[in-house]
Amino acid sequence: MTRRMDKINVILRQEISKVISTELNDPRLNSIATVIDVDSSLDLRHAKVYISVLGNIEEKENTLNALRSASGYIHR
């Protein structure tokens, strides 16, 4: 991967983390969710976001469901 793509992935990771921590007001997001890595395609149309969630199994499932439902907002 090129240095440009690495920089873009880092910026995406930071911005997605900021959106999750400050702008989402879903009550299911009561556990800690951390964006571990972002892997974007070369044409920048798609990106895989890797997330780590701390908590028990139920909290993890609730957090992931909340993030899935907010994916459109995060994408914008």
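Two strands are taken as paired if DSSP finds at least two bridges between them, and helices (H or I, at least four residues) and strands (E, at least two) are DSSP runs numbered from the N terminus. The model examined here is predicted, so local features need pLDDT of at least 70 and side-chain atom pairs count only at pLDDT 80 or more, while totals for chains, interfaces and linings use all residues. Residues are numbered from 1 along each chain as its sequence is written, and side-chain values use heavy atoms, leaving out hydrogens and water.

Strands E1 (residues 32–40) and E2 (residues 47–54) run antiparallel and are joined by 8 bridges. Within this pairing, Ala33 has Val53 of E2 as its bridge partner. The hairpin has 6 residues between the strands, and Leu44 takes a positive phi near 65 degrees.

Thr63 is buried, with a relative accessible area of 0%, whereas Leu64 is partly exposed at 33%; buried means under 20%, exposed over 50%, and partly exposed in between (1.4 Å probe, protein chains only). The side chain of Thr63 reaches the backbone oxygen of Glu59 at 2.8 Å.

Conventions. Polar contact = N/O pair within 3.5 Å; in protein donor to acceptor, adjacent residues only side chain to side chain.
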